[in-house]
Structure formats: structure tokens, C-alpha cells
Amino acid sequence: MQSYVHVILAGLSSGMFIWLVASGLTLIFGVLGVLNFAHGSFYMLGAYCSFTVLKYLGAGYWAGLLLGPVGVCAAGFVVERFFLRHVYRLALPYQLLLTFAFVLIFDNLVKIVWGGGALSPPTLSFLGGTIPILGRNFPVYNLFIIAVGPAVALLLWALLEKTWYGRIIRASSSDREMAASLGVRVPALFTGVFVFGTWLGALGGGLAVPYVGLLTPGMGETIIIEAFIVAVIGGLGSLKGAFVGALVIGVLSAFGTRFFPAFDMFLIFILMAGVLLLRPQGLFGAAR
Amino acid sequence: MGKRGMNRRDFLKLTGAGSLAAAAAGGLGGGLLTPKWVWGATPSVKGPIKVGYQAVLSGTLAGYGEFHKMGAVMAVEEINAKGGIAGQKVEMEFRDSTTKPDEAIKNARYFVDSWGADFLAGIDSSAQALALAPLMPQLDRVIMFTHAATEKVTEDFVFKKGVKQIFRNCMPTYNDGHAAAFIAKDFPAVKWSTVSPKYEYGFTCWKMFQESLKGLKPSAQFIAESFAPFGTTDFRSHINTIMDAKPDGFYSTEWAGECISFVRQAKEAGLFDKVKYAMFPVGAAMDVLEGLGKDMPDNLWISARYFFQYPNSKENNDWVARFRKRWNHYPAYVSETGFSAIYAFKAAVEKAGSKDTKAVIAALEGMDLDCPAGKRHFRKEDHQAMYDVPWGQTVSDPNYPFKVMKNMKVIPAKEYFNRPPFEGPGTSPPFK
């Protein structure tokens with residue numbers, strides 16, 4: 001029993017963590033139609049900026065979590081406003097190439113600013129402890145991540161479905177030209193959505209600082225692959241799909257690692273292959 | 001083709017450069033007549049001596065490349081300041097190997113075919129070392145592996161297949177697997193477990209550890225194992241596997257950033273409270289010690305392929321001081337192997353009186369070389385350097401911002417290194 005509960009908890013926390021990264025990726029794809037490889041870099045920058053605020057500026061963890069991702073939004077703004085905007089009309093491979101170029105640029109930037117070595121944050125004073133669950137310690141911070149995931153999902157849902165901005169965003173994503181002719185400033189709106197997506201990725205990075213306990217240049221490349229898998233399983237562009245996909249992947253891989261160690265990676269890819277074969281648009285994706 | 005031969009113009013250039021270098025080295029007092037000038041004019045060693053070094057400078061392991069570079073650059077600076085190798089200046093080009101085998105091959109080809117390297121060095125990943133090994137007869141330059149640890153590259157390629165261009169001056173998997181067992185046999189723990197990398201290195205070391213420990217202590221059992229793929233950041237499911245099995249000994253060859261993440265997460269879960277004997281064969285790498293800082297638990301058993309506190313010799317302590325002065329860092333093990341690789345080339349060229357690959361190989365075989373890590377002996381059969389490294393328990397020390405070692409134990413290399421012919425009984429420890 002103890003074993004199962006802890007496997008589920010480990011799966012939920014890693015799933016929610018992937019969701020945080022996948023949410024921004026999905027939002028940007030859903031609205032702008034761009035597969036943003038550099039999303040992993042925003043995650044990395046978010047982690048490094050939060051770490052810097054936390055450690056070198058002497059501010060607390062919460063200040064780091066708040067300020068770090070906001071700083072990264074500036075990078076997101078520059079990427080969209082001056083580069084990405086010019087390739088919307090081009091074929092997908094051009095967008096991938098451009099965003100991949102930013103992956104390399106940001107990796108090197110991090111190396112120049114923070115050095116190539118691994119950085120490890122100090123243990124948190126608040127939320128840093130563990131609580132015994134059925135006789136085994138579980139980090140309080142991971143429970144916090146499990147709570148933050150649905151909170152972000154709720155926030156996104158409310159924003160897109162219940163607000164005026166949300167309606168405009170949805171209208172622009174389904175028909176750019178019609179929205180523009182109705183007076184929506186689509187380019188500015190897209191910049192805004194991209195920056196918001198960047199913030200989500202960077203927030204994931206900030207939350208990763210104590211969760212992963214490690215910062216390295218290139219840390220975004222591992223997570224972006226998981227986020228892509230989640231986005232594909234859930235249906236590219238579907239936030240609901242990404243949320244469910246992240247939960248499924250998180251829990252499934254935790255079970256795989258614990259009970260079928262020889263197949264743990266295999267399980268995820270077989271699931272992805274199965275979804276692509278039987279439901280190519282993903283679990284919740286609309287047929288395009 | 002003209003590279004190896006020599007014409008009159010080359011000779012004049014060479015003597016000119018040689019006398020300049022000698023004049024610089026000799027200071028104000030008429031350098032032209034110092035013995036170094038004779039070296040410079042010796043036609044058999046034609047300068048400069050070019051070293052193509054590659055290590056990982058990008059991605060999550062980028063810190064390793066930086067540490068390689070610090071060691072190697074420092075050696076080149078010191079050697080050139082003292083007149084170079086056999087009077088010739090050393091030139092080094094440093095390239096990012098990434099961790100992909102094809103990138104390592106591309107770099108090696110560039111170094112040899114385009115840049116004109118006399119020596120190759122570096123390489124972090126075992127897969128890269130194994131990809132380069134079959135190419136070495138064709139490239140025909142000596143390569144010194146300074147980090148890649150797979151024993152197959154020396155046992156299979158050098159010893160069995162006779163690829164003599166390969167040398168290695170860092171510890172192979174023997175320390176991570178066999179030596180760990182020599183340390184573990186004295187613990188009361190009998191039920192052992194592991195979380196280790198899910199690739200060749202992790203499997204090989206765990207197998208060596210089990211075989212050696214079984215031989216040394218027949219009561220040992222191996223009750224749980226969980227292998228984590230490269231790039232794992234979340235080890236919690238793996239930790240659950242271990243804690244469910246209730247072992248009393250734990251062994252892990254997780255290294256670099258993954259070791260940092262693992263130790264932090266295992267500490268949170270209380271693994272080190274439940275399992276008293278935990279061993280990390282590469283836990284004493286500087287990136288791990290500095291990365292974890294005060295969060296590194298006490299009393300874990302750690303080792304590395306060199307640790308700056310060992311040996312406590314004048315040569316090593318001086319070197320650590322020079323290194324800190326030059327780079328404002330404690331040397332990582334790859335800094336030491338990178339540094340010592342360049343000095344091995346120097347010793348070999350000067351002994352051979354030539355930088356010709358064949359002559360250099362002959363000079364390196366069986367050579368004893370004094371290094372910061374102590375004496376290295378390049379075993380003739382497999383070209384593996386034999387030297388000793390310490391094991392010890394993590395402890396706080398007010399002089400350092402990270403944990404260091406107490407209760408240091410050193411198992412002599414000859415007691416646990418596999419022995420030629422590398423198959424059949426009596427070739428792997430424990431030796432009778």
C-alpha cells in the first residue's frame with residue numbers, strides 16, 4: 001500500500017510538473033500555430049533567473065518565483081516581436097529551425113552568464129521539509145507542485161473561456177483574417193499570448209529549482225521532449241489534452257519505473273504510438 | 001605529405017624559431033648558446049607540437065569540458081613558459097565533443113586531417129571512445145582518453161585487437177566497480193541495492209561491484225536495482241523501488257548533475273537514514289561536491305578518478321595551489337587528467353626524441369610519470385595508466401564550502417585492476 005501510494009504521488013508530481021511546461025507550449029501552438037522548440041529554453045532561463053534572485057540577490061524563494069519568470073518574458077517578447085513574427089507565413093520547418101536556433105543561443109547565453117557547471121539551490125526554509133505519508137517521507141514541495149498544476153489549469157480555463165480577452169484570443173486563433181477585419185490587433189495579441197506562454201514556461205523553470213534541485217545549461221532540452229510527448233498525446237493545441245496527457249504520462253512512467261523497470265521508456269512511446277495510430281489528432285485534439 | 005619531411009626552408013624557419021624560443025627562455029644571458037638551442041635544431045622533433053583536445057562543452061555536462069580545459073590549458077602554459085616540448089612550442093585546439101559519437105569522430109578527423117594534430121586527447125563518453133577506437137590505426141595519432149571509463153576500450157581494442165594508438169590516463173570502471181567492493185566488504189551491510197545509469201557504464205560497474213563483492217564476501221546479496229535513463233531529473237520512483245526492498249547497503253554510479261539530483265531527492269525521502277552504507281564511486285567529483293555544498297549528507301562513501309586532497313604530497317599540494325591561483329577553482333578530476341595528459345605527451349616526445357606516433361607509443365608503454373595524482377604507470381599490455389585514488393566518507397570542514405573526505409582508504413590499483421589477458425579465471429579481482 002505504502003509503495004503504491006508513493007508511486008502515485010511521485011507520478012502526480014512529475015506529471016503536474018510536465019504539465020506546467022506543456023501548458024505554455026500548447027497555448028502558443030493552439031493560438032499562434034507555432035511549434036516553439038525554444039520553450040524549453042524559457043524554462044531554463046526561468047530556472048536560472050529565479051535561482052539568481054533567490055541566491056545572489058538575497059531575496060526569498062517567492063520573490064525569485066515571481067520576478068525570475070517576469071524577466072524571461074522580456075526574452076519572449078524579443079523572440080516573437082523581432083523574429084518569429086516574420087516566419088508565421090512560412091512552412092513549419094522554418095519555424096522549427098528558427099526556434100531551434102534560439103535553443104542554441106540561449107544555451108550558450110546561460111553558459112556565458114552562469115557558467116557551464118551545475119548549480120544547486122539551497123534547501124528551502126518554507127515548504128522545504130518532508131511529511132510522513134504512510135510511514136515514508138514525502139517532500140512538502142512536491143505536494144505544492146501537485147496543487148499548483150490544477151491551479152494553473154483552472155486559471156487558463158477561466159482566462160480563455162470566461163473573459164473578454166479569452167474570447168478574442170479564441171476568435172483570432174480560429175480565423176486570423178476575420179478577427180483582424182473586425183478590428184482586433186492580431187499581431188499585438190499574438191505577441192501578448194506568446195509572452196504569456198513564455199511566462200508559463202519560465203514559471204515551470206522557477207518551480208523546478210527546488211523540485212529538480214539542479215540547474216545546468218541544456219536542462220530545457222530534456223523537459224521539452226517530455227512536454228512534446230504530452231502535447232502530442234493530448235492533442236496539439238488542446239490545453240485539456242495536455243493536462244490529461246501529463247497526468248497519464250507522469251503516473252504511467254512512475255508505475256513503469258517501479259514495477260516494469262525494463263519497459264519504463266517503452267511504455268510511454270508505445271502509448272504515444274498507439275494514440276497516433278488510433279487517434280492521430282490526440283486524445284482531445286480537434287481534427288485539423 | 002610534406003608534413004613529415006623537411007626541406008631547407010623548413011629547416012631555416014625551424015632553427016630561427018628555435019633560437020627565438022631559446023633566447024626567450026634563456027632570458028638576457030645570451031640564449032643562443034644554451035642547450036635548448038640544440039633541441040630546437042634537432043630535426044627529428046619538428047615544431048610546433050599540436051594537441052587536438054575535445055571534451056563536452058555544451059548541454060547539461062558543459063561544466064566537464066570547462067574543467068578539462070582548465071587543466072590542459074594550464075599544462076600548455078606551463079610547458080611553453082619553460083621552453084616547450086623538446087624545445088618546440090605546444091599548440092592546443094580545444095573543441096566541443098558534445099556527447100555524440102559522430103561528433104567525436106568529426107572532431108578527430110578535423111584535428112588530424114585539416115589541422116595537423118600530432119596528439120589527440122579528451123573524450124568524456126564511453127560510447128564516443130568506443131566509436132573512435134577502431135579509427136585510430138587509420139588516423140595514426142596517439143590519443144589519450146582523459147575521462148571515458150569503459151574498460152572495453154583498453155581491454156578489447158588495445159590488448160586484444162592491438163590498436164596501440166590508444167592510451168588512457170584516467171581511472172577506468174575498475175575503481176567504480178571493483179574498488180567499491182573492496183571498500184564495501186568491511187561494512188556490516190549484506191543486502192545491497194543500486195540506482196545507476198541505464199546505459200553501458202551503469203550496468204558494467206554494478207556487475208563488477210557484484211562480482212567482486214561476491215568473491216570477497218560470499219554472504220553479500222543484491223536485492224534491488226533500478227536504472228535511470230540519461231537525463232533523468234526525477235528519481236523519486238527509483239528511490240521508491242529501493243526503499244521498498246529495505247536494503248542495508250546502497251551503491252550508485254549516478255554522476256555529475258544526475259548524482260546531485262539523486263542525492264538531494266534520496267535525502268528528502270530519508271533513504272540515507274534507512275540505509276546506513278551508501279557508496280558513490282564518482283561522488284567526489286568537484287561538480288557534485290560543489291553543487292551539493294552543505295546539502296551533501298555526511299558519512300556517504302565517495303571516490304573519484306582524482307581528488308584534490310590526495311595524495312598529500314608537495315607536488316600535488318603545489319599543483320592545487322597553482323590551479324586555484326590560475327582559475328579560482330579547485331581542480332576537478334578531469335582537470336588533473338587533462339593536465340597530466342599534456343605532460344605525458346611531453347615526457348614521451350622527449351624520451352623518444354621524436355613525435356612520430358610509433359616512437360611515441362614505444363616511449364609511453366611502461367612509462368612511469370609523476371603527476372599531481374601521484375605516480376602513473378602506463379601498463380604495456382593495455383595502455384591503461386595504473387595509479388591510486390582515495391575513497392572516503394563525506395564530512396564538513398570549516399576550510400571548505402563543500403564536504404570533503406574523512407577516513408580515507410586507498411586500495412592499490414594492482415589489487416583491483418583487471419589483468420591481462422582479460423578473460424578466464426584470475427584476470428579479475430579478487431586475486432588470490
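Good morning. Across the interface of chain A and chain B, the rule finds two salt bridges. Please bear in mind that the model I am presenting is a predicted one.

One of these salt bridges joins Asp244(B) to Arg258(A), with the closest N and O atoms 2.7 Å apart.

Which elements of chain A supply at least two residues each of the side that touches chain B? They are α1 (2-32), β2 (136-139), α8 (186-212), α9 (219-234), α10 (239-259) and α11 (264-278). The largest share, six residues, comes from α1(A). By type, the residues on this side of chain A comprise 15 nonpolar, 17 polar and four charged.

I turn now to the extent of the interface. The size of an interface is often given as the accessible area lost when the parts come together. Between chain A and chain B, about 2,600 Å² is buried, and carbon and sulfur atoms give 47% of that area. Of the area that chain A buries against chain B, 19% is supplied by Arg136(A), Val212(A) and Arg258(A), more than by any other three residues. In residues, the contact takes 36 from chain A and 33 from chain B.

Finally, let us consider chain B by itself. Chain B contains 17 helices and 15 strands. Of its 432 residues, 60% are buried. The accessible surface of chain B comes to about 16,000 Å², and 56% of that surface belongs to carbon and sulfur atoms. Thank you for your attention.

Note on methods. Residues are numbered from 1 along each chain as its sequence is written. Chains are lettered from A and ligands numbered from 1 in the order in which they are written. This is a predicted model: local features need pLDDT of at least 70, side-chain atom pairs count only at pLDDT 80 or more; totals for chains, interfaces and linings use all residues. Side-chain values use heavy atoms; hydrogens and water are left out. Contact means heavy atoms within 4.5 Å. Buried area is the accessible area (1.4 Å probe) that two parts lose on being put together, summed over both. A salt bridge is a side-chain nitrogen of Lys or Arg within 4 Å of a carboxyl oxygen of Asp or Glu. Helices (H or I, at least four residues) and strands (E, at least two) are DSSP runs, numbered from the N terminus. Ala, Val, Leu, Ile, Met, Phe, Trp, Tyr, Cys and Pro count as nonpolar, Asp, Glu, Lys and Arg as charged, and the others, Gly among them, as polar. Buried means under 20% relative accessible area, exposed over 50%, partly exposed in between (1.4 Å probe, protein chains only). Accessible areas come from the Shrake-Rupley method with a 1.4 Å probe; for residues, only the protein chains shown count as cover.
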